[in-house]
Amino acid sequence: MKRKLKPIIAIVILLSVAGIFFTVVAPKAVAFVYPLPENEVIFPHDFHAGTLALECQFCHTGAEDNRGANVPALEQCMFCHKVAGLENPEAKKIRAAWESQEPLNWIRQHRLPDHTHFRHEPHITAGFECSTCHGDVAGMKQVVQVKTEKGGALKMGDCIACHKENGAPTQCSTCHN
Amino acid sequence: MSDVKWGMVVDVDKCSGCQACVIACMAENNIPINLDRDFKENRSIAWIRIERYWEGEYPDVKARFLPVLCQHCGNAPCEPVCPVYATFHNDQGMNIQVYNRCVGTRYCANNCPYHARYFNYRRPTWPETYNNYLNPDVTVRDRGIMEKCSFCVQRINAATRIAKRDGNEDAIAGLQTACAQACPTDALVFGNLNNPDSQVSQLYNDERSYVLQESIGTQPNIRYLKKIDEHAAAEAHAH
């Protein structure tokens, strides 16, 4: 009897360990955040967009009339940081980069494949909020792609669903050409 | 916008065979540079090409030029043979090629009576400095993808968007494809066929107009205007 029980107990222990691993440890390990590169400045979106309540387009100037919303140039940072946050260690890095004229290495979190031609301008003109696709950036310290209802990052299905809902064109050549 | 039907008229009499349209198309649509071996293997890519025909005996020889591009057929032979619906007809009379659907069976090119479809047998490369000259509105097609004239769909999309934003149709009225824009003799005329006042729709119904390989019944959106032959006219007068 004992001999038969031993392998069963072993399997149960193994399964529970695996269960704990896949439910607790693994999701954190594969969360949708890219590793930060060296010399990266930690840019707290939650402070700028949340606490200070800056408009998204104050820094992402391209969103209103361009293809990309664009990652702001250092000049845009210096608009405030010449005088603001003088003691902040991260803001010091920005000023150092400005003085040495070395561009900062920002990492894009939202990137589309080459065959997809998304433009911000018509979406902003149509009156959509940035948070419709980008989620509550004002509450994120490090920006990550929001997870959709299906649990993944933004996919073509999400674009199509919204286009259908709002009577926007859905033929392939609208985005793929 | 659904009342629009894009079409083109090619005046063969005006075409001097200068190939400006070919170059303009290549620049607009990120077409890779054709090398020696591409021509030798018959794998060169040019969405619009000038076919040259010699007519008559020496010394009385004439060169005839015929620009051939995708005819955007109303009854397109390429469409039903695609197993993945990578090519389809849209509501503006255009034949659309969807690169990200294409799996490269090449059935469509084999079924095209105009040889207007081109397959990427190689990954396209440009000299490195040229990468900055690529058109960001057009996808660079990778190896294994079929491509063809798109009627500069990126320009149509841009004009439609601008017209919608500004609330007037000016951007759409002034719309031209790259080849028509580059043509020095205005042999290529592009426009809305559903607008009876447009130049293209008037030329479309000209008595000189004809269709390439009409017997196949492809019903193209591109019509050609016949060459005016001075000798034939003179002979007719003599009789």
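## A walk through chains A and B

Start with chain A, where, among contacts between residues at least 6 apart in sequence, 59% join residues at least 24 apart. Keep in mind as you go that this is a predicted model.

**Stop 1: chain A as a cartoon.** Select chain A and follow the chain from the N terminus: the elements run α-α-α-α-α-α-α-α. That gives eight helices and zero strands. If you colour by burial, buried residues make up 7% of the 177 residues in this chain.

**Stop 2: confidence in chain A.** Now switch to pLDDT colouring. The average for chain A is 82, and 85% of the residues score at least 70. Which helix of chain A has the lowest confidence, and which the highest? The lowest is helix α1(A), residues 2-29, with a mean of 70, while helix α8(A), residues 156-165, is highest at 91. Next, pick residues 27-32 of chain A, where the pLDDT is below 50. Beyond near neighbours in sequence, this stretch has three contacts in the model.

**Stop 3: where the chains touch.** Show both chains together. Eleven residues of chain A and 15 residues of chain B take part in the contact. On the chain A side, the residues touching chain B comprise eight polar, two nonpolar and one charged.

**Stop 4: strand β10 of chain B.** Move to chain B and select residues 222-225, which form strand β10(B).

Strand β1(B), residues 6-11, pairs with β10(B) in the parallel sense over four bridges, and V9(B) has R223(B) as its bridge partner. Strand β9(B), residues 209-210, pairs with β10(B) in the antiparallel sense over two bridges. Here you will find S209(B) opposite L225(B).

**Stop 5: the largest nonpolar core.** In soluble globular proteins, nonpolar side chains tend to be buried together. For an example, select M8(B), V10(B), C25(B), C179(B) and L188(B), which touch the most other members of the 52-residue largest nonpolar core. Elements that each supply at least two residues of this core include β1(B), α1(B) (20-28), α6(B) (178-182), β8(B) (188-192) and β10(B). Which element gives the most? That is β1(B), with four residues.

**Last stop: C25(B).** Zoom in on C25(B) and leave aside its neighbours within four places in sequence. The residues in contact with C25(B) are then I31(B), W47(B), I48(B), A178(B) and C179(B).

How values were computed:
Residues are numbered from 1 along each chain as its sequence is written. Chains are lettered from A and ligands numbered from 1 in the order in which they are written. This is a predicted model: local features need pLDDT of at least 70, side-chain atom pairs count only at pLDDT 80 or more; totals for chains, interfaces and linings use all residues. Two residues are in contact if their C-beta atoms, placed from the backbone, lie within 7 Å. Ala, Val, Leu, Ile, Met, Phe, Trp, Tyr, Cys and Pro count as nonpolar, Asp, Glu, Lys and Arg as charged, and the others, Gly among them, as polar. A residue is buried if 20 or more other C-beta atoms lie within 10 Å of its own, exposed if 12 or fewer, and partly exposed in between; C-beta atoms are placed from the backbone. Two strands pair if DSSP finds at least two bridges between them. A nonpolar core is a set of buried Ala, Val, Leu, Ile, Met, Phe, Trp, Tyr and Cys residues joined through C-beta atoms within 7 Å. pLDDT is the predictor's confidence in each residue, from 0 to 100.
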